[in-house]
Amino acid sequence: MSRGLTVRFAVLAALLLVALAASVSLGSVWIPLHEVARVVAGGEAAVTVWTTVIRTFRLPRAATALLAGAGLGVSGLLMQTLFRNPLAGPFVLGISSGAGLGVAVLVLAGGTAVGGVFLSIAGPMGSLGHVGAATLGAAAVLSGVLLVARRLNSMTLLLLLGVLFGYAANALTTVLIHFADAQRIQSYLRWTFGSFAHVSVPELGLLALLVGCGMVPALLPAHSLNVMLMGDQYATSVGVHVRRIRLIAVGATALLSGTITAYCGPIGFVGVAVPHMARSMFASSDHRVLLPATALTGAVIAVTADIIARLPGTEYVLPLNAVTALFGAPVVAWVLLRRRPNEVKT
Amino acid sequence: MSCPGSEHCVLKARALAVGYRRAGTAAGAVLASVDVTVAGGTMICVVGPNGVGKSTLLRTLAGLQSPLAGRITLLDRPLEQWQARERARQIASVLTGFVETGYMTVRAMVALGRFPYAAGWGRLQSSDCVAIEEALRSVGIVHLGDRLVSCLSDGERQKALIARALAQKPVMLVLDEPTAYLDVTGRAEIMRTLRGLSRESGNAVVVSSHDIDLAMRTADLFWLIGCDGRLRAGAPEDLVLSGELASVFDAQGVSFDVQSGSFTFNTGGVGRAAVFGRDPARGWTARALQRLGFAVVDDDRAVDVRVELDNAQCAAGTLTAGLKQRPFGSVAELCTALRRARK
């Protein structure tokens, strides 16, 4: 690994540590860093409530943000490489629409005639909560996508099918919203805002396990993905099993984005923007560098966005999705404009 | 059937049909009953009009697409029995289409050609580095190694793509129109490079091209494909003399001139012209008359226009059109004079 790379990774890791520390320290109450350190090390804070606040709320929240950011970044990179499209992201396959529809059915459908029909089809979903509904929705899309991806030769067709499915799911959601009462719509909307705050400690374990399961297959084919940048034909010509890599990448993306959407809602922007930031910061197209870089950058962005969203020192919170886009867009624009791949690398 | 000459046989195709399978219907063969042999150290140009299946044939021979019928053997083993990576150590391709590579440097792209030899995450061994530098050197772009592929000119990018293919250390190179989008010198340079590769490293080079003139100067063998879906293999000169090259390309007012070995517009509609003088002035004046639509003939019986040149170096002389005689000092003046004379 060259020195430039090591420095960049070190800077990113330091940024992540700072962001994590800030994330645990800042909030509606400010907890001094040394108290945070003591609790993290297993001790008790000077104020008893702080220990509870850190253990039950802030640490799981920061960890959720870290996992979600890393997972969304990596799956966004996979999709951009697979589709060779800079606008692709983790949700191009329709995963978030599927999860959204699942939640919509759960939240909006109760008490209406249409909803009754939906719920009777969905069966025991009502008892599962948001996460269960979103997981079911995402899993349904995931299996559909994998089934199609295995048979289709054309990735463009898969992309189009994902977009079409998204429209259909959104249409169904709109119908549900139309028939639902205001309270339920509010509850559904809150889910669409996205949040890292609703993951409990045991749930966090499961989230970490699933994200880990998605990360490993995402990292393994890094070398093949480099060749895939040149297109499927070139990849085939040097001996890459294009279909296999495609299936692995689609599967990993579906697992990552499906799980994260189920727990945190449809977090926009991170998945599309972070891979571009990583490419630009590392001036690289090598997936062996980009995959870890994207994971780290995604984690930093998500943890930071979460800090901003809770408006430290106040009792108000902003919708997470608004923060990621509103604060993230200018940052990404600046990073992209600062250095373009047309410039000669020195 | 053995390969002609003493060169070893790299690839053989027998009763090959190429095209695209359509679901539900019979296979749509673009090109059928192809029998070809590729020998090491030869440069083969695939020529023919657009849409006759040149690219499809090349992709099929490179193993990127399965044949509809027939069989292909690579080094005496059926092509479909080769593992993908093993095959990639024998056949390398340069394909058409733009490659968007972002932050990839030339050297990094050439390194991708080492994929068939890579283990694990593709860490480069010293043998890989040697192969990469060798590939860069053989197409003469060592100085571009650290440039981004996206910053290269079209000609440099083609060379980088060829270097990437060479890094695979193949016995056979398949290139689909590598000279498209290039200027005249760029085209000549690429073809010369390919010819050098076939001569020096003994690679078999199969390349499709639309530049017949250049192809004729560089290729050992032509695979001429006509709109009838037949492939004729032969030395370019033989195909010219047998008239097959002309018959494939003769269409819509353009024809292949066996004498000059180049394409000409079918002319003669304006009238007959005779030019007297010495070359090169005579030749270029004749070309100008052809461009204006005259059929240039050798004897001055029954001609509409007669041009006499004073010397060999410049197109100055006398124009006789009908009963009038006009002097001219250049081709441009001759053209003006002819236009006036016709009025």
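A crossing is left-handed if the near helix is turned anticlockwise from the far one by less than a right angle, and right-handed if clockwise. I wanted that written down before turning to the helix pairs. I also note that this is a predicted model.

**Entry 1: α3 and α12 of chain A**

I began with helix α3 (residues 48-83) of chain A and helix α12 (residues 242-264) of chain A, whose axes cross at roughly 145 degrees and come within 9 Å. With the definition in hand, I recorded the crossing of α3(A) and α12(A) as left-handed. On the α3(A) side the contact includes Thr64(A), Ala68(A), Gly71(A), Leu72(A) and Met79(A). From α12(A) I listed residues including Arg246(A), Ala249(A), Leu256(A), Ile260(A) and Tyr263(A). Sorting the residues of this contact by class, I got 12 nonpolar, 5 polar and 1 charged.

**Entry 2: α1 and α14 of chain A**

Next I looked up helix α1 (residues 3-25) of chain A against helix α14 (residues 287-309) of chain A. Their axes are 9 Å apart, and the packing angle is about 25 degrees. Angles under 35 degrees count as roughly parallel, and α1(A) and α14(A) are therefore roughly parallel to each other. The crossing of α1(A) and α14(A) is left-handed. Among the α1(A) residues in this contact I noted Leu5(A), Leu12(A), Leu16(A), Ala19(A) and Ser23(A). They belong to a set that meets α14(A) residues including Val289(A), Leu296(A), Val300(A), Asp306(A) and Ile307(A). The classes here come to 15 nonpolar, 3 polar and 1 charged.

Then I turned to Arg310(A), which sits in the loop between α14 and α15 (320-338) of chain A. The cut-off for buried is 20 or more. Arg310(A) has 23 C-beta neighbours inside 10 Å and therefore counts as buried. Leaving out residues up to four places away in sequence, I found that Arg310(A) touches Gly27(A) and Val317(A). Val323(A) is 13 residues from Arg310(A) along the chain, with 9.8 Å between their C-alpha atoms.

**Entry 3: where chain B touches chain A**

I counted 31 residues of chain B in contact with 26 residues of chain A. On the chain B side, the elements giving two or more residues are α2 (84-88), β6 (91-94) and α3 (106-112). Which of them gives the most? I found that α2(B) does, with 4 residues. By class, this side of chain B has 17 nonpolar, 9 polar and 5 charged residues.

**Entry 4: β7 of chain B and its partners**

β6(B) and β7(B) run parallel and are joined by 4 bridges, with Val94(B) opposite Leu175(B) in β7(B). β7(B) also runs parallel to strand β8 (residues 204-208) of chain B, over 5 bridges. There, Val174(B) has Val206(B) in β8(B) as its bridge partner.

I then checked cover: 5 of the 5 residues of strand β7 (residues 172-176) of chain B are buried. In a regular strand the side chains alternate between the two faces of the sheet. In β7(B), Met172(B), Val174(B) and Asp176(B) point one way, Leu173(B) and Leu175(B) the other, and all are buried.

**Entry 5: the five-stranded sheet of chain B**

My last stop was an open sheet of 5 strands in chain B, in the order β14-β13-β15-β16-β17, with mixed pairing. β14 (294-297) and β17 of chain B stand at the edges with a single partner strand each, so one side of each has no neighbour in the sheet. The twist from one strand to the next averages 25 degrees.

I marked Leu319(B) as standing opposite Arg326(B) in β17(B). The two strands form a hairpin with 2 residues between them, and Gly322(B) in the turn has a positive phi of about 65 degrees.

Terms used:
Residues are numbered from 1 along each chain as its sequence is written. Chains are lettered from A and ligands numbered from 1 in the order in which they are written. This is a predicted model: local features need pLDDT of at least 70, side-chain atom pairs count only at pLDDT 80 or more; totals for chains, interfaces and linings use all residues. Axes are lines fitted to C-alpha atoms, for helices over the stretch in contact, and angles run from 0 to 180 degrees between N-to-C directions. Angles under 35 degrees count as roughly parallel, over 145 as roughly antiparallel, 65 to 115 as roughly perpendicular and the rest as oblique. Two residues are in contact if their C-beta atoms, placed from the backbone, lie within 7 Å. Ala, Val, Leu, Ile, Met, Phe, Trp, Tyr, Cys and Pro count as nonpolar, Asp, Glu, Lys and Arg as charged, and the others, Gly among them, as polar. Two strands pair if DSSP finds at least two bridges between them. A residue is buried if 20 or more other C-beta atoms lie within 10 Å of its own, exposed if 12 or fewer, and partly exposed in between; C-beta atoms are placed from the backbone.
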